[in-house]
Amino acid sequence: GDHRKFAESGADLQLVGIQKRFPGFTAIEHLDLTIPAGSFFALLGPSGCGKTTTLRLVAGLEEATAGRILIGGQDVTDLTPHRRPVNTVFQSYALFPHMSVLENVAFGLRRRRISDPAAKAHEALRLVELDHVADRKPAQLSGGQQQRVALARAVVNRPALLLLDEPLGALDLKLRRQMQQELKQIQQEVGLTFLHVTHDQEEAMTMADTVAVMHQGRIEQMGAPEELYELPRTVFVANFLGQSNLFPVEVAGTTDQVLHAEFRGMRLSVPRNRSERDSGRITIGVRPEKLTLAHAEPEPDALTNAVGPGRVTDVSFIGVSTQYTVAVPGAGDVQVFAQNLQAGPTAALGDEVWLSWRVEHTFGLLDDPL
Ligand code: ATP
């Protein structure tokens, strides 16, 4: 649809040296972060990592102990919440039950004496494809529709920055997946800056153009979803975004291109430009879908890493893939996700197998497995 009326209003967000201490607890020690105008940015992390606190600081619902917050270059640190060019969508939609959908969306406009509230509210409802239910009461809508009304209400006055705090958390899985795609489309149409807080890695990766992984009040790694997934820098990121197989090793030698280590008599290599450290102890990692199972030991090959033998302890047929668990002495349970390109599993429970993968898919992490 043509929603250019909403465009050109996104602003960048800068957090400069933010610190947040609660009595007896430091939620954020030091946070520097810039989110470019018009981007869909996800703060991703486990419960308690400080993501909601960060969002509340931006909204003005919490006061930082130190640091500045700038929106579109304007220092808003000392502004009250309603003076900031920011709206928030929460998990609970908090629609007014006695008002129609249209009145819910127009409410903020009327209160701030903005011209043409009804026309603007209809426009926002068209954006979320709910204009046909403008006269209904919230209780007459599904959960997903109510969440879209909340979104229309949040974008109708074109805030420079939209904050989303687990906005899809109350929806069932199927609806959540659908709303993720819709939310992403809406963000692209309106061009606002979205800052989305979630603990759901699939949700963050589906929607955001940039994801920051937060851990214990710090941003541990930030980048495009593919980048974080293919090249995590720490064990925490490698495990939080998808699954990883990790092998703690000691670097034994290097060439211009690769690091070599020995793992139970087998040589493992990591491209130097995919390792955070080039000597001493590192953790070598590889994603489960990069592994291949074989019943015989693979021929040594400079482009391939191999470990084994291990024993298949679980075979789970998922449909699109089969997931194997292989107990490898010294490496614990190794996960292998094999695409089901032909019928039937390639290994059975109890089989002795070797695992191999291309050196180029290997990454080298800074820290030890958790
Ligand atoms: P969740 O997903 O569970 O909401 P979160 O990552 O959003 O987690 P925050 O709500 O930001 O985490 O909380 C970060 C840390 O700060 C937590 O350990 C929390 O207990 C603590 N915290 C939050 N608010 C307060 C407060 N008012 N007083 C003391 N500690 C607090």
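Predicted model: local features only at pLDDT ≥ 70, side-chain atom pairs only at ≥ 80, totals over all residues.
Is R158 buried, partly exposed or exposed?

Now the answer. R158 has 35% relative accessibility. Where does R158 sit? R158 lies in the loop between α4 and β7, and β7 spans 161–165. Look at the backbone there too. The phi angle of R158 is near 50°. That is a positive value, and R158 is not a glycine.

There is another residue like this. D116 has a phi near 55°, again positive in a residue other than glycine. Find D116 in the loop between α2 and α3. Is D116 buried or exposed? Its relative accessible area is 54%, and the cut-off for exposed is over 50%, so D116 is exposed.

Helix α2 covers residues 101–111, and helix α3 covers residues 117–127. Their axes come within 8 Å. They cross at roughly 125°. That angle falls between 115 and 145 degrees, so α2 and α3 are oblique to each other. The crossing of α2 past α3 is right-handed.

Which residues make the contact? From α2, we have V101, L102, V105, A106, L109 and R110. From α3, we have P117, A118, K120, A121, H122, A124 and L125. Sort the residues of this contact by type, and you get 10 nonpolar, 1 polar and 2 charged.

Stay on α2 for a moment. F107 is in this helix as well. F107 has a relative accessible area of 30%, which puts it in the partly exposed class. Leave out residues up to four places away in sequence, and F107 touches F96 and M99. Now compare F107 with F240. They are 133 residues apart in sequence. In space, their C-alpha atoms are 40 Å apart.

Next, the inside. How many residues are in the largest nonpolar core? There are 47. V105, L125, L151, L162, F194, V211 and V213 have the most contacts inside this core. Helix α4, residues 143–155, gives the core its largest share, 6 residues.

Pick out L162. Which residues does L162 contact, beyond its neighbours within four places in sequence? They are N87, V89, L151, A154, V155, T193, F194 and L195. There is also a second, separate core. That one has 28 residues, including F247, L259, L268 and V270.

F194 leads us to D12. The two are 182 residues apart along the chain. Yet their C-alpha atoms are separated by 9.8 Å. D12 sits in the segment before β1, which covers 13–22. At 24% relative accessibility, D12 is partly exposed. What does D12 contact, neighbours within four places set aside? It contacts I35, P36, A37, L70, I71, G72 and G73.

One last stop, back to the backbone. Which residues does a cis peptide bond join? G308 and P309, with omega at about -5°. P309 is in strand β16, residues 304–317.

First, the oblique pair, α2 and α3. Next, the core of 47 residues. Then the cis bond between G308 and P309. Thank you.

Technical notes
Residues numbered from 1 in each chain as written. Heavy atoms only, no water. Helix = DSSP H or I, 4+ residues; strand = E, 2+ residues; numbered from the N terminus. Buried < 20%, exposed > 50% of the residue type's maximum accessible area, 1.4 Å probe, protein only. Contact = heavy atoms within 4.5 Å. Core = buried A, V, L, I, M, F, W, Y, C linked by side-chain atoms within 4.5 Å. Axes fitted to C-alpha atoms, helices over the stretch in contact; angles between N-to-C directions. Parallel < 35°, antiparallel > 145°, perpendicular 65-115°, else oblique. Left-handed = near helix turned anticlockwise from the far one by under 90°. Nonpolar A, V, L, I, M, F, W, Y, C, P; charged D, E, K, R; others polar.
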